[in-house]
Amino acid sequence: MPRKSVSLLISLALAALLPAVSGALSTTNSDNADLILADMALSRGDCRGGTERYLKAALGTSDAKISERANKVAADCEQVNASAKAARRWQKLEPERAEAAAAVALAAVRLYQPEEASAAILRTHALGGDDALIKLIEGLSDAGGTAITLKTLRPMLEAPDVNDKLLIAGVDLALENFDFATAHKLADRVLANEPASGDARAQLARVLTAEGDTVAAIAVSQEAAALDPESQRFAYADTLLRLDRLDEARQELESLRADAAAREEADLRLGKLAYQMGDLTEAGRRFGSLISSPRQAGEAFFYLSSIAEREGRTDLALEGYTKLAEAGGGLLVRGRAARILMQKDDREGAFRMLDEFAAKERDRALDVEFAKAALLQDAGKDTEAIALLQLALERYPDHPGVRYQIALLQDKAGHEREAVRSFESLLKVRPEDASLLNALGYSLADRNQKLPRAEQLIRKALDASPDNPAFLDSLGWVRFRRGDIPGALPHLERAYRIFPDPEIASHWGELLWMSGKQAEARALWARSLARSPDSKPLRATIERLTGTKMEAPKSASPDEPKPAEKSPDDLAPAPSATGS
């Protein structure tokens with residue numbers, strides 16, 4: 001797209017963006033000295049100090065509202081231990097409040113205390129009914145508690161008199177936990193209760209797609225679109241996209257463009273499809289046509305900036321991301337801008353871009369620290385990245401997420417002993433945490449160490465999340481390390497079918513190559529490279545096995561959620577976090 005048109009495009013796109021609304025952490029009016037000091041601390045950005053003052057006030061009074069507020073402040077500030085203490089105090093003062101029980105459940109999940117979390121989940125339902133439980137499920141999923149929640153609710157979901165709304169929430173929960181058998185069972189019951197529902201069929205189609213049942217998924221999604229042409233008009237196209245039948249998906253989306261009411265959404269999806277497959281010219285044309293759309297302009301402009309970045313026009317991309325950030329764009333937009341600034345050796349500018357977001361959205365401040373560490377790691381500054389998170393641990397004491405990220409960085413940096421020690425230390429207090437089990441198992445397998453134990457750890461992770469593609473990839477990799485290529489291949493192929501991640505593609509392709517199926521391996525790698533041209537693991541595998549020196553990509557491709565964090569119904573493939 002010509003550079004001279006960027007100002008016009010920015011103006012049109014920004015008109016369609018809604019600025020992010022940041023709620024103040026502190027709204028308390030009180031003569032209590034601790035509360036006044038807490039508010040003062042929060043107003044100057046001292047989240048930990050404000051949290052400690054609020055907790056002190058909560059523990060020293062029988063006013064439940066102060067405990068409720070202390071819990072909210074602590075949760076927003078990622079002070080997980082303080083959040084748990086405030087939630088328990090709140091529940092003690094108001095034992096019949098469903099919201100208090102839900103707060104205890106969320107805090108217990110963040111601290112990985114399954115027994116307390118389960119009791120609080122059931123207590124929330126007993127006090128608030130299905131609606132309160134469904135709202136809590138959403139929060140627990142965001143907090144990484146899908147396995148605990150599904151295990152707790154399984155008897156309730158399997159009961160004959162369960163509410164349909166709760167069944168539907170259970171399907172989504174099972175999908176997020178990569179437990180497709182449970183999701184299928186629940187989706188069948190929803191459809192049996194609502195046989196004429198297009199929504200129920202669309203949900204079942206998602207499950208069938210995740211299971212790899214192509215014929216049934218296509219048939220059910222077509223039924224969904226026919227039964228409910230308004231809300232499910234894209235059900236068939238989405239199913240084709242998830243099944244990687246991209247030519248058919250393109251044809252279906254083109255046909256949907258004939259309906260004026262669906263044209264803009266179809267163009268957006270066609271643009272994403274072209275972008276996903278590396279056809280940046282076609283993607284730019286599609287997104288450019290949406291730049292004046294009130295509904296689609298913001299997302300279209302974001303992708304136009306991403307195209308400029310991928311093509312190496314980093315100044316233009318930076319200009320676009322910066323304008324989007326000024327209009328209220330979130331951490332993803334600022335992270336893209338910060339990445340380009342780091343590439344330009346402007347570390348101060350990159351961190352300032354992120355810190356501005358943390359100042360506005362204090363409940364995302366820890367995510368900003370993780371983003372900074374990722375930037376340093378990508379720049380080859382592993383020691384600095386680890387040191388940054390170790391400093392963050394002082395502001396977020398005993399935060400399991402920070403400790404986990406430190407362990408991952410140690411592992412990626414090749415600090416083998418430190419990483420294993422960190423994983424082992426975390427496992428002592430979180431012995432059933434599937435992500436930790438998999439991370440340690442993959443780390444051992446990748447280094448050809450303690451392979452029987454590595455496989456045991458990975459299989460235990462799969463018990464909790466049986467269709468998780470990252471875990472399946474790890475299992476395939478450890479079987480390969482143990483000399484069982486025939487036994488490894490099905491796990492890697494299934495992992496890739498569920499989630500076409502470039503690192504999974506590198507593993508599967510390597511085993512195909514070593515099995516004498518070089519043509520299949522090359523085809524797989526070519527397809528994955530089109531989606532993720534900057535994937536270091538994929539490029540390294542291709543160079544090592546083929547002897548072909550690959551040109552460095554012009555720019556990094558977009559960041560997306562990691563496999564273990566991503567629902568199987570998401571459309572776009574993402575850079576890898578295999579083994580983490």
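1. The model is predicted. The comments below should be read with that in mind.

2. The disulfide. A search of the whole structure turns up one disulfide. The bond runs between Cys 47 and Cys 77, with an S to S distance of 1.9 Å. Cys 47 belongs to helix H3 (residues 47-59), whereas Cys 77 sits in the loop between helix H4 (64-76) and helix H5 (80-93), so the bond ties together parts that are 30 residues apart in sequence.

3. Geometry and surroundings of the disulfide. The torsion about the S-S bond of Cys 47 and Cys 77 is about -70 degrees, so the disulfide is left-handed. Are its two cysteines buried or exposed? Cys 47 has 15% relative accessibility and counts as buried, because the cut-off is under 20%. Cys 77, at 1% relative accessibility, is buried as well.

4. Length of helix H8. Helix H8 covers residues 146-158, which is 13 residues.

5. Kink in H8. Where is the kink in H8? It lies at Thr 152, shortly before the proline Pro 155, and amounts to about 40 degrees. Thr 152 is also one of the buried residues of H8.

6. Burial of H8. The buried residues in H8 are Thr 146, Ile 148, Thr 149, Leu 150, Thr 152, Leu 153 and Leu 157. Their cover includes helix H6 (98-110), helix H7 (114-142), helix H9 (164-176) and helix H10 (180-193).

7. Packing of H6 against H7. Two packed helices are described by the angle between their axes and the distance between the axes. For H6 and H7 the angle is about 110 degrees and the axes are 7 Å apart. H6 is therefore roughly perpendicular to H7, since angles of 65 to 115 degrees fall in that class. On the H6 side the contact residues include Ala 98, Ala 101, Ala 102 and Ala 105, and on the H7 side they include Ala 117, Ala 120, Leu 127 and Gly 128.

8. Gly 128. This glycine is in helix H7. What is its relative accessible area? The value for Gly 128 is 33%, so the residue is partly exposed, between the 20% and 50% cut-offs. Gly 128 and Ala 98 are 30 residues apart in sequence, but their C-alpha atoms are 5.2 Å apart in space. Both residues take part in the contact between H6 and H7.

Key
Residues are numbered from 1 along each chain as its sequence is written. This is a predicted model: local features need pLDDT of at least 70, side-chain atom pairs count only at pLDDT 80 or more; totals for chains, interfaces and linings use all residues. Side-chain values use heavy atoms; hydrogens and water are left out. A disulfide is a pair of cysteine sulfur atoms within 2.5 Å. Helices (H or I, at least four residues) and strands (E, at least two) are DSSP runs, numbered from the N terminus. Buried means under 20% relative accessible area, exposed over 50%, partly exposed in between (1.4 Å probe, protein chains only). The expected span of a helix is 1.5 Å times one less than its number of residues. The bend at a residue is the angle between axes fitted to the seven residues ending there and the seven starting there. Contact means heavy atoms within 4.5 Å. Axes are lines fitted to C-alpha atoms, for helices over the stretch in contact, and angles run from 0 to 180 degrees between N-to-C directions. Angles under 35 degrees count as roughly parallel, over 145 as roughly antiparallel, 65 to 115 as roughly perpendicular and the rest as oblique.
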